[in-house]
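Okay, thanks everyone, I'll keep this short. Have a look at the model on the screen, and I'll talk you through a few parts of it.

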Amino acid sequence: MLGKLIKYDFKSLMRILIPANIAILGAAILAALSLQFSLRTSVGAMLRGGFMQLMRTLSGLLVGLMFIGIAAACLFITFMVFYRFYKNFISDEGYLTFTLPVKTSQLLWSKLITASIWMLITGIVGLFSLLVFLLLGTSETSFFNTEIFAILGELFRVFGSATGSKLFLELMLFTLVAMVANILHIYLALIIGGVVAQKHKLLAGIGFYFIINVAQGIVSSIVTFAAAGSTVANMESSMQVDIIDPYDFGLVLGRLVSALQPMFWVTLATTAVFSVVFFILSHYLLKNKLNLE
Amino acid sequence: MDMPVIKCSGLSKNFGNVYALSKLDLALPAGKIIGLLGPNGSGKTTLLKLACGLLTPTEGSIEICGTAPGQESKALVSYLPERTYLPDWMTAQQCLDYFEDFYSDFDRARAENMLAALGVPGDTRMKTLSKGTKEKVQLVLVMSRRARLYLLDEPIGGVDPAARDYILSTIIRNYSEDSTVLISTHLIYDVEKILDEFVFLQQGQVVSYASTDSLRADLGKSLDEYFREVFRC
């Protein structure tokens, strides 16, 4: 049943989010080509004036517009993911959703998994768009900027080292956990809005988002403060300039990463605990307290 | 006696300080078409929502075919809310796919026939259909399941009289001996002829539960007349 739920959630978002993602990629390519045009015509254009000058101005404008467009598309995608949740759970569609022969937990899991997948897809499309932009839009002399990939290659080499790949994996892990926590945070806010408010449930949900945010902030600060002392001590002892060579990037990175390890795991664990709490609360409210209009 | 399809014991539901249902006891048998009747705010919709698991009781219990509302009971209950609940991006055909996927008792051929008879286009999105047409699609979906219990909340309120007759005859045609249909409505005159039994609700309690035949035999009254008498303002 979970598979079927995911299938329909995915389907309903696909209609909107595939075009939105294609738009992001398209805007990045267009921005890159415009920028390349600007770069390549820069030297002679000022002298020739007239038409070329106008074209340069327009292409510069287009680059800006495309970046605004990309930002708007990302916001739109995020909004649609959560609006879909709201529609399906809190609005009239809830009458269908909550009379399906499935467990409430399955409904919640399906929403979490679909949202995560779409966020990841959008993230990957965004990264890919950035690479395309760097490749096409940053060179004055050649159509493809291969130099930038040499620099990227160097970066990957650092990340390929033992410390680098560990750091990379930890960052990935944290991104995933933080993403899940954020999704569940918004879900919980929307659910509380749906349970508490008689009207304007969506608006109430947005309000509760900030209330949860404050509560989460207070708990996080306490935990971070408790863990901070040992981290600072760690850093002081391992980062002294007279012990390590500050120009040895690999070594500095290694020391920094290992000094921040306790802090990293504490933050990760706190975020994971928040996710679990959000999920349990959401499940309880959906199962026992939700009263659809 | 067979196990009741719905069994309520001391069932109460309050919203804040307002009691929607108050210590309600009721057991409804299998194989009947039963009218759930009462004035506005008497608790009809609340009772249906409790039976399909959209609400949880404040006190007391409700059982559907012997189990508390949950995943198991939801597979047995076919519920038609008074709201239009279909996602607006779906076409009627996609709605059929959806029901076929989630309900093992869904009879697709039956649904296709009913949609055709009612003249509902299969490939138009819900968004562009009229409210009445959406209600027809919902009713088709709900009645095309071979459920043990049908809960119909105002099933004929929004459709034209011709469709009303078709829907009522569909209800009679489709329900089987071991299934029960519980219809909540204000249009008593229209549904009276198909009802075997009726439940009168007032202020969250059962005022009267009897068979329509006995009403006619004992009091010589139609259900519509009796309703007007009991709930005279």
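Let's start inside chain B: 11 of the 13 residues of helix α5(B) are buried, so the rest of the structure largely encloses that helix. Buried here means 20 or more other C-beta atoms within 10 Å of a residue's own, exposed means 12 or fewer, partly exposed is in between, and the C-beta atoms are placed from the backbone. Helices are DSSP runs of H or I with at least four residues, strands are runs of E with at least two, and both are numbered from the N terminus.

Quick housekeeping: this is a predicted model, where local features need pLDDT of at least 70, side-chain atom pairs count only at pLDDT 80 or more, and totals for chains, interfaces and linings use all residues. Residues are numbered from 1 along each chain as its sequence is written, and chains are lettered from A and ligands numbered from 1 in the order in which they are written.

Back to α5(B), residues 131-143: it reaches 18 Å from first C-alpha to last, close to the 18 Å expected at 1.5 Å a residue (that's 1.5 Å times one less than the number of residues). The buried ones include Lys134(B), Glu135(B) and Lys136(B), along with Val140(B) and Leu141(B). And what do the buried residues pack against? In chain B, they meet β5 (77-80), α3 (92-102), α4 (108-118), β6 (149-153) and α6 (161-174).

Zooming out, chain B has 9 helices and 9 strands. Its radius of gyration is 17 Å, close to the 17 Å from the globule rule for 233 residues, so chain B is as compact as a globular protein of that length. That radius is over C-alpha atoms, and the rule is 2.2 Å times the number of residues to the power 0.38. Buried residues make up 42% of chain B.

Now chain A. The domain assignment, which is automatic or from a database, gives domain 1 (1-145) and domain 2 (146-293). Their C-alpha centres lie 24 Å apart, and 19 residues of domain 1 are in contact with 19 of domain 2, contact being C-beta atoms, placed from the backbone, within 7 Å. On the domain 1 side, α5(A) gives the most, with 10 residues.

Methods: Contact = placed C-beta atoms within 7 Å.
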